[in-house]
Amino acid sequence: MHSNSLINETSPYLLQHAHNPVNWYPWSEEALQKARDEDKLLLISVGYSACHWCHVMEHESFEDEAVAALMNEHFICIKVDREERPDVDKIYMEAVQMLTGRGGWPLNCFALPDGRPVWGGTYFPKQQWLQVLEQLAQLNKDGKDKLLQQADALTQGLQQLEMPMAGETDVPDIYQAVVNSRDRFDSTYGGFGEAPKFPMPVSLNLIQQLGTMKNDKELLDFVQLTLERIASGGIYDQVGGGFARYSVDERWFAPHFEKMLYDNAQLISLYSNAYKSNQNKLYKRIVNESIQFVERELTAPEGIFYSALDADSEGEEGQFYIWKHSELKELIGDDEHFYSYFNIRENGNWEMGKNILHGGITRDEYARRHKLDIDSFGAQTEASLAKLLKVRELRVRPGLDDKALTSWNALMIKGLCEAYQAFGEENHKALAEKAMTYLLKHVKQENGALLRTSKNGISKIDAFLDDYAFMIDALIALYEITFNEGYLNEAKELSQYTIEHFYNSTAQVFYYTSKSGEQLIARKTDVQDNVIPSSVGTMANNLIRLHQLYHIPGYDSIAAVLIQKMYKLASEHPTYYAQWALLTYLQHQRQEIVIVGKDTGKYRKELQKQARPGVIYAGSSDDQSSIEVLKNRYKKGTTLIYQCKDKTCELPVEGPSLVP
């Protein structure tokens with residue numbers, strides 16, 4: 001069997017291509033030098049293990065001997081896992097978007113031996129791919145001037161700084177900006193825009209938090225509609241819990257079946273925080289089922305979390321998750337309301353006679369419409385789903401991407417902390433602490449740096465800004481639910497390291513890559529909130545929160561400048577810059593709740609079950625704390641709760657019920 005240089009990698013995506021007849025290299029100096037030595041163009045092909053169209057292109061083209069021969073003859077071919085090397089992906093994705101107006105994966109970009117891009121696209125069918133290869137090979141032979149001109153133009157565009165220059169000085173009215181953006185809200189099915197539809201938890205979190213602070217029923221109702229429709233749709237795995245990446249339609253009916261850790265982590269946070277506002281029991285069920293899914297299918301024995309589950313199994317998209325009517329009939333008999341609620345059809349409600357379990361409305365809504373007892377209908381449905389899960393476990397499983405990414409693990413730890421605040425389940429806290437213990441032991445290095453990815457006990461690749469930012473955020477979240485100051489000390493140390501290695505004090509911006517890391521053709525920042533929050537925005541939030549607790553000089557001013565630079569974008573496009581919009585709104589709303597004394601743990605749990613946007617918690621059971629906001633707060637024999645703002649605290653009270 002043919003093997004190429006990917007055989008020595010740990011990334012499941014790269015290993016999927018290790019036996020292609022293409023002479024793939026990982027991104028490395030060896031590959032770049034080979035391109036220089038042989039005067040060949042680089043062919044940089046980027047994807048990830050759960051990517052359906054990546055598999056299609058591999059099967060059609062990269063496994064084909066004739067196609068591979070052409071690629072090997074004229075190009076140095078590099079395979080990149082976008083999750084391992086988001087810095088490389090970011091540059092070539094941006095280049096393709098500049099060239100074509102669109103992006104996606106698989107990403108295929110051609111570049112000069114020095115790494116400067118010249119042309120690219122996403123998925124190509126085999127015949128079109130062959131034409132592309134021949135044309136680029138010919139251009140490299142007799143059209144080098146054209147390639148150099150294109151490379152100059154693209155690289156110039158890529159090197160533009162994405163962080164806006166400081167402009168607006170007046171704080172914009174973010175609440176009004178969100179209200180004005182309601183034309184993006186889908187008031188029928190929830191969510192934003194048309195198909196394909198992504199949950200967008202960062203945007204929904206902004207609306208949830210603002211709705212809570214402003215007591216805006218319309219905003220809160222929109223969030224509730226969205227969360228209920230997502231939870232009842234096919235995008236949510238009704239049998240096993242957990243969310244798929246997106247829905248191909250506007251109704252949340254048919255998912256693209258890949259399941260990513262980062263989606264589930266953030267949606268666990270979102271549903272947990274929404275539960276604090278309205279105690280909707282559906283949210284609690286969704287959080288519990290989703291955590292059970294992560295624990296069952298995405299957790300390594302050592303406690304860290306795997307990256308993703310593939311959309312495909314047995315060569316078919318969604319095969320693991322869909323059902324024939326006859327299978328369901330055999331397993332659960334004639335439960336007419338089960339078939340009716342989940343929209344099951346004898347000839348299938350989806351492709352090829354298969355059914356996706358999809359409610360469309362909540363179970364309670366269905367029970368009310370059909371005059372059923374809500375509890376009995378819920379219990380009967382749960383019993384039927386448990387039978388299906390037992391049988392499904394025997395099927396051929398989707399491919400597992402078993403690398404653990406530091407940034408995504410941190411998002412999951414944060415999600416577990418949010419769930420613990422809302423529900424008080426000790427297992428949620430235990431899972432979070434076990435994962436963080438691993439990261440601090442194996443991913444954090446002696447010099448204070450982090451590594452990006454872990455697998456089979458091996459951690460590697462210098463971490464990026466999202467790894468640091470989300471890790472610090474997770475450490476602060478763990479401190480809030482434990483009051484273990486060790487977590488906060490780690491957060492402070494990592495923040496200092498991040499400022500030293502990622503912050504440019506002249507441009508007043510955090511870059512995505514470390515100044516001590518590999519220097520690519522452009523050094524990018526990361527300011528737009530997308531399916532994952534902006535790492536620069538997260539870092540700004542971290543610095544504010546650490547300043548609230550420690551009063552560290554400079555942290556608040558670094559964050560304030562970053563937020564001010566984003567005023568215009570946050571007010572014009574609040575749902576696209578949702579984290580920045582919330583940071584802007586919270587600038588004068590933030591508070592600290594300080595709990596000191598013997599009942600600190602008990603009071604903390606009671607207070608954290610309530611929705612308190614903009615609040616950070618600190619506490620100690622004695623007078624030994626080194627945290628500035630806790631100094632001189634302890635009084636022997638009692639437990640005191642202080643509400644503080646702008647380094648000033650109100651008189652303490654002696655019980656959670658007295659805190660407004």
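Which residues have the most contacts inside the largest nonpolar core? They are Met71, Trp129, Tyr271, Ile413, Phe510 and Trp580, in a core of 185 residues. The model is predicted.

**Nonpolar cores**

- The largest nonpolar core has 185 residues. Helix 19 (residues 465-482) gives the most to this core, with 13 residues.
- Met71 is among the residues with the most contacts inside that core. Leaving aside neighbours within four places in sequence, Met71 is in contact with Val22, Trp24, Leu43, Phe62, Cys77, Trp129 and Leu133.
- Another core lies apart from the largest one and has 23 residues. Leu42, Tyr92, Ala95 and Cys109 are among them.

**Helix 6**

- Helix 6 covers residues 126-142, which makes 17 residues. At 1.5 Å a residue it should span 24 Å, and its end C-alpha atoms are 25 Å apart, which agrees.
- Its buried residues are Trp129, Leu130, Val132, Leu133, Leu136, Ala137 and Asn140. Seen down the axis of helix 6, the buried residues fall within an arc of 160°, so they line one face of the helix.
- The face turned away from that buried side carries the exposed residues Gln127, Gln135, Lys141 and Asp142.
- Two residues on the buried list, Trp129 and Leu133, are also contacts of Met71.

- Strand 4 (residues 107-111) has 5 of its 5 residues buried, so the rest of the structure largely encloses it.
- In a regular strand, side chains alternate between the two faces of the sheet.
- Both faces of strand 4 are covered. Leu107, Cys109 and Ala111 are buried on one side, and Asn108 and Phe110 are buried on the other.
- Strand 2 (residues 41-47) pairs with strand 4 in the antiparallel sense, over 5 bridges. Ile44 stands opposite Cys109 in strand 4.
- Strand 5 (residues 117-121) also runs antiparallel to strand 4, joined by 4 bridges. Here Ala111 stands opposite Pro117 in strand 5.
- Strand 4 and strand 5 form a hairpin with 5 residues between them. Gly115 in the turn has a positive phi of about 95°.

- Strand 20 (residues 640-645) is mostly covered, with 5 of its 6 residues buried.
- Val594 stands opposite Tyr642 in strand 20.
- Strand 21 (residues 648-649) is joined to strand 20 by 2 bridges, again antiparallel. The bridge partner of Cys644 in strand 21 is Cys649.
- Strand 20 and strand 21 form a hairpin with 2 residues between them. Asp646 in the turn has a positive phi of about 50°.

- An open sheet of 3 strands has the order 8-9-12, with antiparallel pairing. Strand 8 and strand 12 stand at the edges, each with a single partner strand, so one side of each is left without a neighbour in the sheet.
- Strand 9 (residues 308-309) and strand 12 are joined by 2 bridges. The bridge partner of Ala308 in strand 12 is Asp401.

**Salt bridges**

- The whole structure holds 45 salt bridges.
- Lys34 forms a salt bridge with Glu38, with the closest N and O atoms 2.7 Å apart. Both lie in helix 2 (residues 29-38), 4 residues apart, about one turn of the helix.
- Lys34 has 28% relative accessibility and counts as partly exposed. Glu38 is partly exposed too, at 35%.
- Lys259 and Asp237 meet through their side chains in a salt bridge (2.8 Å, N to O). This pair links distant parts of the chain, 22 residues apart. Lys259 is in strand 8 (residues 259-260), while Asp237 is in the loop between helix 10 (217-232) and strand 6 (246-247). Both Lys259 and Asp237 are buried.
- Asp402 and Lys455 form a salt bridge (3.3 Å, N to O). They are 53 residues apart and also link distant parts of the chain. Asp402 sits in the loop between strand 12 (400-401) and strand 13 (404-405), and Lys455 in strand 14 (residues 451-455).
- Asp402 is partly exposed at 23%. Lys455 counts as buried because its relative accessibility of 12% is under the 20% cut-off.
- Asp81, Glu83, Asp401 and Lys403 are linked in a network of salt bridges. Asp401 is also the bridge partner of Ala308.

Technical notes
Residues numbered from 1 in each chain as written. Predicted model: local features only at pLDDT ≥ 70, side-chain atom pairs only at ≥ 80, totals over all residues. Heavy atoms only, no water. Salt bridge = Lys/Arg side-chain N within 4 Å of Asp/Glu carboxyl O. Buried < 20%, exposed > 50% of the residue type's maximum accessible area, 1.4 Å probe, protein only. Pairing = 2+ DSSP bridges. Core = buried A, V, L, I, M, F, W, Y, C linked by side-chain atoms within 4.5 Å. Contact = heavy atoms within 4.5 Å. Expected span 1.5 Å × (residues − 1). Arc of directions from axis to C-beta.
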